[in-house]
Amino acid sequence: MVLSLLMGASVSAQTKPASSTSTPVVSVIEDVTGKHFQPDTAYATLSNEDNDVLAKAPVANWGLPQESGKYITYYNLIVGTRSYQLLVAKSPKDGQSTATLLRFTNPKSKPEPIARGILTPKENEKLK
């Protein structure tokens, strides 16, 4: 179900160059996953509220990773009526992971994709 929401949302979203992905988005994805995030698509411009929430919410406020099927893991952050979900999908073929950050502006809203990109091991993990 989560995958179908992601696919539907990404098809209908307006995309922008990955260079417009904000620093708080990259930082939060890297902090939550422990991996290096290379954005390839930016879908939505963040409001000042989004930037504040993502920049100031400690990693400890994100929920524990939950699995949705064999290849998808997701993390949730809820702040007031606004919530965010980080989906990590691992390709069964090449083992490469893709991360997508979604925003829900209220409890009944549809997910709005913010950014998507590839997760790679951080430099210190490559040496192990």
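Biologist: Which residues lie nearest the centre of the largest pocket?
Modeller: This is a predicted model. In it, Lys 35, Val 88, Lys 90, Ser 97 and Leu 119 lie nearest the centre of the largest pocket. The lining has 17 residues.

Biologist: Which elements give two or more residues to that lining?
Modeller: S3, S4 and S6 do.

Biologist: How much space lies in the largest pocket?
Modeller: About 290 Å³.

Biologist: How do you find empty space anyway?
Modeller: You roll a probe the size of a water molecule over the atoms, and that shows where empty space is left.

Biologist: And how does the lining split by class?
Modeller: Seven residues are nonpolar, six are polar and four are charged.

Biologist: New topic, the sheet. In what order do the strands come?
Modeller: The order is S1-S6-S5-S4-S3-S2. These six strands form an open sheet with antiparallel pairing.

Biologist: Which are the edge strands?
Modeller: Strand S1, residues 36-42, and strand S2, residues 66-67. Each pairs on one side only.

Biologist: How many bridges link S2 and S3?
Modeller: Two, and the pairing is antiparallel. Strand S3 covers residues 72-79. Within S3, Tyr 74 stands opposite Gln 66.

Biologist: What about helices? Which strands does H2 touch?
Modeller: Helix H2, residues 23-33, packs on the sheet and touches S1, S3, S4, S5 and S6. The direction of H2 makes about 135° with that of S1.

Biologist: And where does H3 lie?
Modeller: Helix H3, residues 48-56, lies across S3, S4 and S5. H3 runs at about 65° to S4.

Biologist: Back to S1. Is His 36 buried, exposed or partly exposed?
Modeller: His 36 lies in strand S1. It counts as partly exposed because its relative accessibility is 34%, and that class runs between 20% and 50%.

Biologist: What is His 36 in contact with, leaving aside its neighbours within four places in sequence?
Modeller: Glu 30, Ile 118, Leu 119, Thr 120, Pro 121 and Lys 122. Take Leu 119: it is 83 residues from His 36 in sequence, yet their C-alpha atoms are 5.6 Å apart in space. Leu 119 is also one of the residues nearest the centre of the largest pocket.

Biologist: Last one, Lys 108. Where is it found, and is it buried or exposed?
Modeller: Lys 108 is found in the loop between S5 and S6. It counts as exposed because its relative accessibility is 82%, and the cut-off is over 50%.

Biologist: How far is Lys 108 from Thr 81, C-alpha to C-alpha?
Modeller: Their C-alpha atoms are separated by 9.7 Å. Along the chain, Lys 108 and Thr 81 are 27 residues apart.

Key. Residues numbered from 1 in each chain as written. Predicted model: local features only at pLDDT ≥ 70, side-chain atom pairs only at ≥ 80, totals over all residues. Heavy atoms only, no water. Pairing = 2+ DSSP bridges. Helix = DSSP H or I, 4+ residues; strand = E, 2+ residues; numbered from the N terminus. Contact = heavy atoms within 4.5 Å. Axes fitted to C-alpha atoms, helices over the stretch in contact; angles between N-to-C directions. 1 Å grid on protein atoms, 1.4 Å probe; cavity = no way out; pocket = protein on both sides within 12 Å on 5 of 7 lines; lining within 4 Å. Points joined across faces, edges and corners; volume = space filled by probe spheres on them. Nonpolar A, V, L, I, M, F, W, Y, C, P; charged D, E, K, R; others polar. Buried < 20%, exposed > 50% of the residue type's maximum accessible area, 1.4 Å probe, protein only.
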